[in-house]
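Q: Got a model open here. Can you walk me through some of the packing?

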Amino acid sequence: MSPALPIRIEGVSLRADGRAVLDGLSASIGSAGITAVIGPNGAGKSVTLRVIDGLLVPDSGRVRFGSRPGAEIRRAFVFQKPGLIRSSVADNVALALAGARLGRAEMRDRVAEALRRVGLLSRARDAARKLSGGEQQRLALARAAVTEPDLLLLDEPTAHLDPAATEEIEALVLDLSRGGAKVILVSHNLGQVGRLAEDVLVLAAGRAVEHGPAARILAQPRSPEARAYLAGELPWMSCAAAS
Amino acid sequence: MWDALSAALRLVLRLDGDVLAIAGLSLRVSLLAVACGTLVGVPLGALLAISRMPGRGVLVAVLNGLMGLPAVVVGLVVYLLLSRSGPLGAAGLLFTPTAMVIAQTILVTPLIAALTRQVVEDADRELGEQLRSMRLGRWRRARALAFDARFSLAVVLLAAFGRAVSEVGAVLVVGGNVAGHTRTMTTAISLETQKGDLPLALALGLVLIGIVLAVNAAASLLRHHAMRVYG
């Protein structure tokens, strides 16, 4: 477990295009295992991941890692689209280590180990963008894993994949989590959330409305927003019912 | 006219010495200018593409505007700089191929930088967030994006070469069109037409068109190959 974790999100607000995307979001996320972030579209899930990663700076509030202020941890992000450069599979993994000042031999070994872990070692010299969708996402996971992150942020990594590829990605995510990385996963796939997550953070309109063990939240959500989302109600239907 | 054309074809086909010398100088000057413009324009355009500094919009607008620099004005400015009474007059570069390279470099650098900025900005829209999440510094991100867009950048460089090899104003003013020394295809065509030596002018025109067509075909093939191999 990393000494820099857990993660405290303290009153984070962020506006974009005149709209509050995050509205005083607060949550404390544990230091181990997989946390799923769920909620309807526009709830602020992906933005929350970007704020945790540092890609977005909130207008107010802050994210703290562990108890030490300013603690730095190794973070890696896997996006919905794998974002691969037009080069070989190995080059894409090596790119993540570009700032690490490694010797050539160590770089080669770490890239090979990361590719072996996701089952792509034999494709190391192939063009990355010629891989299938599932292989590309496995490559994105290898690129994230090669930096040995303390915190792995996954934004709907299986959104465009078929069930077989989804299963492969889920197995890799579990493997990385068991290897010591804290994983925060945004997903609309509630089955996947049930299979992977220990705890679930439910967001609605930029706020945390519920946070607890995955089994309990998926079976018996307490907040009306979580109940509506898990029941498959559309947000505008909830609004109409309320009015 | 047909006589002139057939004479021109004969000059080209028998690899006339004058035609080859003039074409060779044109290629040397333009290739060197594009090489120099690449060293400055590609990093400048790539860094501008990913920077978010205040005044960036003005810089981009200025750079885009400079793409349309009139060649003859560039020639005039370089002439003033290199002339005996100019600040760089002591170097004695006026009416030399070096002066022509300098003028063409000034002409193509904004073109390379502006098109690089556009190409890399498009790549940044696709990959920028991923690269920022890897904690890569600005220079490394710019390099990674330029590498990703290298086949589009190759087309940019070929376009810059096309602009350089086909311009006449700048090389005429700073080179002086000295026979055997600074005479390029475009200045020679201009001069030979005025003298009435249409076969030589047409022969040089055919070579020039051939080079421009070959460059365009190479650009097209390169993109096609890149898309097939790298996706």
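Q: Which residues in helix 5 of chain B meet helix 7 of chain B?
A: This is a predicted model, where local features need pLDDT of at least 70, side-chain atom pairs count only at pLDDT 80 or more, and totals for chains, interfaces and linings use all residues. Residues are numbered from 1 along each chain as its sequence is written, with chains lettered from A and ligands numbered from 1 in the order written. From helix 5 of chain B come Gln104(B), Leu107(B), Val108(B), Leu111(B), Ile112(B), Leu115(B), Thr116(B) and Val119(B). Their partners in helix 7 of chain B include Ser152(B), Leu157(B) and Arg163(B). Contact means C-beta atoms, placed from the backbone, within 7 Å.

Q: At roughly what angle do the axes of helix 5 and helix 7 of chain B cross?
A: Roughly 155°, and the axes come within 9 Å. Axes are lines fitted to C-alpha atoms, for helices over the stretch in contact, with angles from 0 to 180 degrees between N-to-C directions. That makes helix 5 of chain B roughly antiparallel to helix 7 of chain B (over 145 degrees).

Q: Switching to chain A. What's the strand order in the open sheet?
A: The order is 2-1-4, with antiparallel pairing. Strands pair if DSSP finds at least two bridges between them. Strands here are DSSP runs (E, at least two residues), helices likewise (H or I, at least four), numbered from the N terminus.

Q: Which are the edge strands?
A: Strand 2 (19–29) and strand 4 (60–65) of chain A.

Q: How many bridges join strand 1 and strand 4 of chain A?
A: Five. Ser13(A) stands opposite Ser60(A) in strand 4 of chain A.

Note on methods: Parallel < 35°, antiparallel > 145°, perpendicular 65-115°, else oblique. Contact = placed C-beta atoms within 7 Å.
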